[in-house]
Amino acid sequence: MSTDKNRATAAAILPLVGGPDNITSIAHCMTRLRISLRDRSLVQDEALRALPAVLGVVEDLGAPPSGSWGMYQIVLGPGTVARVTPEFEALVAEARSAAPSPEAPAAPTASAAPTAPTAPSARTVTADDLAAQGAALKEAQKARNATPFKLFLRRIANIFVPLIPALIGCGIIAGLNGLLTNLGWVPAVVPALAAIASGFMSLIAVFVGYNTAKEFGGTPVLGGAVAAIIVFPGVAKIDAFGLDLKPGQGGVLGALAAALLAVYVEKWCRRWVPETLDVLVTPTLTVLISGLVTIFGLMYLAGGASAAIGTFANWLLASGGAFAGLVLGGLFLPLVMLGLHQALIPLHTTLIEQDGYTVLLPILAMAGAGQVGAAIAVYYRLPRNGSLRATIRSALPAGFLGVGEPLIYGVSLPLGRPFVTACIGGAAGGAFVGLFHQLGVAFGSTAIGPSGWALFPLLDGRSSAGITLAIYAGGLLVGYLVGFAATYFFGFTRQMLTDLDTDPDRGQDPDATTATAGKPPKERVPA
């Protein structure tokens, strides 16, 4: 996407989210533009979804900045979001500097709303209807997810999401370095690539500590300073209770715990230390107290927990691979709906830190394959519903690349049964990949974030690259086929087909013209 097109996309989005004065913060992850809003009512959801570059929208009430409604996420897809976000930030800054107090745009009027439907017995269910149902389901799920535990998980996710670009970049370089090593090519470059790929991972604890303190309201650099103790080589000289320490012991879990402790120590100091001494005493006590607890306690505890996670994950797939893959692949989409998938991010990072890759991500990626297969089945099962077929056509490319929100919230979840059959497809793909783990062909992803086809460059394992890629591709194919078959044969009741497989008055899908030519239209039976 060119710079002009990126700016045009940003310019189209800005007025639809209430203008610059309605935005309190801007960020992005792998696929989404994340903005915090002052007034949710100023957002024009349907107009946003209609933009060609927008793949979907997601709402999130987790830990918004002070004075904000919450986090509103616009799905743009990998690559695109990293280019549109700077343009969006620039437009917001320009608008604020040119007009410090612009009048906030009005909320959408009734005239902009869709035309009122006819009698229920004659109404065609379209993609807009399903999108509205998906939005209602998200709203209900969002309210259920706003529990203290799930909000805490979202904050944990916010610590690791900013690290994903570095994990991906270093992971791909590590894979390239391994390939060059195995082929014996350019041996003079291999050590340099190894240093580039490993540098970030050797200091990831510092970045986790920095982000933890920032997320929980402390001074970020103090969180990073305490977490840096974990990776400092000098800890190997410390004899604590007769036990030796190793640099990196505890990993990202230890860094998270150490920085979180530093935040609470710092806040305690801010309350009790006199203002005249605050600048000297508070940072000193924060680093000293948190550092001592980290060295003589947290590094041991977190080290044991990290080792247990790695041992359990490898044992689970080695001993019960097919069944474990079936369960993980089948339940991942419901975990996403419940907001519990965010608890997996520290686990992925811990496995990458220990083994060089996470064995869980390729199996969980099969859930997206089942979703794609289900969407294709819906497309062929409803040849007369042009609006829904258009939605599927536009969302499928992103689905193949692992961006599943448009298909989930725009197609399968509002329909109900296809969401379940998509999970069946994910379970089958997960069982396929898990079976090969059980047979000794273990592999994983060197980074988190990408899924679907985008995961291919990040795969690594004990076997050759060809075998690893073939197994992952086989898992995706199984997920596509089973998701398609389960949805095609079991994803619809007769009443659903009667309601959904209709030719809308406002237009017909050109792909369905041939299939319906020469046939009289079906009469709808009043409900």
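Which residues of strand 2 point one way, and which the other way? Here are some notes that start from that point.

1. A word on the model. This is a predicted model, in which local features need pLDDT of at least 70 and side-chain atom pairs count only at pLDDT 80 or more, while totals for chains, interfaces and linings use all residues. Residues are numbered from 1 along each chain as its sequence is written, and side-chain values use heavy atoms, with hydrogens and water left out.

2. Strand 2. R32, R34 and S36 point one way, L33, I35 and L37 point the other way, and all are buried (under 20% relative accessible area; exposed is over 50% and partly exposed lies in between, with a 1.4 Å probe and protein chains only). Helices (H or I, at least four residues) and strands (E, at least two) are DSSP runs, numbered from the N terminus. In a regular strand the side chains alternate between the two faces of the sheet. Since six of the six residues of strand 2 (residues 32-37) are buried, the strand is largely enclosed by the rest of the structure.

3. The hairpin. Strand 1 (residues 23-28) runs antiparallel to strand 2, joined by five bridges; pairing needs at least two DSSP bridges between the strands. Three residues lie between the two strands of this hairpin, and H28 has L33 as its bridge partner in strand 2.

4. The cores. A nonpolar core is a set of buried Ala, Val, Leu, Ile, Met, Phe, Trp, Tyr and Cys residues joined through side-chain atoms within 4.5 Å. The largest one has 89 residues, and F160, V208, V378, I392 and Y472 have the most contacts inside it. Helix 11 (residues 275-338) gives the most to this core, with nine residues. Leaving aside residues up to four places away in sequence, F160 touches V208, V252, L256, I345, P346 and T349 (contact: heavy atoms within 4.5 Å). A second, separate core of 22 residues includes L33 and L37, along with V84 and V92.

5. Backbone at V186. V186 sits in the loop between helix 6 (164-183) and helix 7 (190-202). Its phi is positive, about 35°, although V186 is not a glycine. V186 is partly exposed, at a relative accessible area of 45%.

6. Cysteines. The structure holds zero disulfides (pairs of cysteine sulfur atoms within 2.5 Å). C170 is buried at 13% relative accessible area, and C423 is buried at 11%.

7. Helix 17. The 22 residues of helix 17 (residues 417-438) reach 31 Å from first C-alpha to last, close to the 32 Å expected at 1.5 Å a residue (1.5 Å times one less than the number of residues). G440, with a positive phi near 100°, follows helix 17.
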